[in-house]
Amino acid sequence: MMENNRKAHRVRFEHKHTVSIMGVDGTWRRSCILVDASASGAKLEVEGSTDPLKAQEFFLVLSSTGLAFRRCELIWVDGSHVGVQFVTAKPRANAGERLVRSL
């Protein structure tokens with residue numbers, strides 16, 4: 001049995017939540033089921049090949065309109081299940097430093 005080394009609380013869903021994953025460049029899309037999620041990542045059950053997911057970032061599209069999404073990177077693959085980590089925006093130049101320089 002795997003140990004749970006997660007730092008973030010994970011929510012498991014009782015009902016199937018169909019979402020999709022899409023290449024950042026829009027060239028591929030896969031339907032999947034959101035198995036569980038936390039503030040830092042999610043576990044998905046992917047329909048079809050998981051090959052496009054390897055070695056790249058992609059979007060987890062949470063709404064049918066495409067307005068709710070998170071940028072992700074692949075962490076692990078186990079058959080049709082994958083673990084993704086949400087990619088957070090890289091912080092821009094330190095705002096505090098800019099403020100001090102402007103004074």
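Mentor: The protein chain holds 1 helix and 7 strands, where helices (H or I, at least four residues) and strands (E, at least two) are DSSP runs numbered from the N terminus. Read from that end, the elements follow the order β-β-β-β-β-β-β-α. This is a predicted model, in which local features need pLDDT of at least 70 and side-chain atom pairs count only at pLDDT 80 or more, while totals for chains, interfaces and linings use all residues. Residues are numbered from 1 along each chain as its sequence is written, and side-chain values use heavy atoms, with hydrogens and water left out.

Of the 103 residues of the chain, 27% count as buried; here buried means under 20% relative accessible area, exposed means over 50%, and partly exposed lies in between, with a 1.4 Å probe and protein chains only.

Now to the salt bridges, each of which is a side-chain nitrogen of Lys or Arg within 4 Å of a carboxyl oxygen of Asp or Glu. By this rule the count comes to 3. In one of them R10 pairs with D36, and the closest N and O atoms are 2.7 Å apart. Because R10 lies in the segment before β1 and D36 in strand β3, this pair ties together parts that are 26 residues apart in sequence. D36 itself counts as buried, at 7% relative accessibility.

The side chain of D36 also meets that of R12 in a salt bridge, at 3.9 Å from N to O. With R12 in strand β1 and D36 in strand β3, the pair ties together parts that are 24 residues apart in sequence.

Not counting residues up to four places away in sequence, H9 touches A37, S38 and A39, a contact meaning heavy atoms within 4.5 Å. H9 and A37 are 28 residues apart in sequence, yet their C-alpha atoms are 8.4 Å apart in space.

Another salt bridge joins the side chains of R71 and E57, at 2.6 Å from N to O. It links distant parts of the chain, with R71 in strand β6 (residues 69-78) and E57 in strand β5, 14 residues apart. R71 is partly exposed at 34% relative accessible area, and E57 is partly exposed at 28%.
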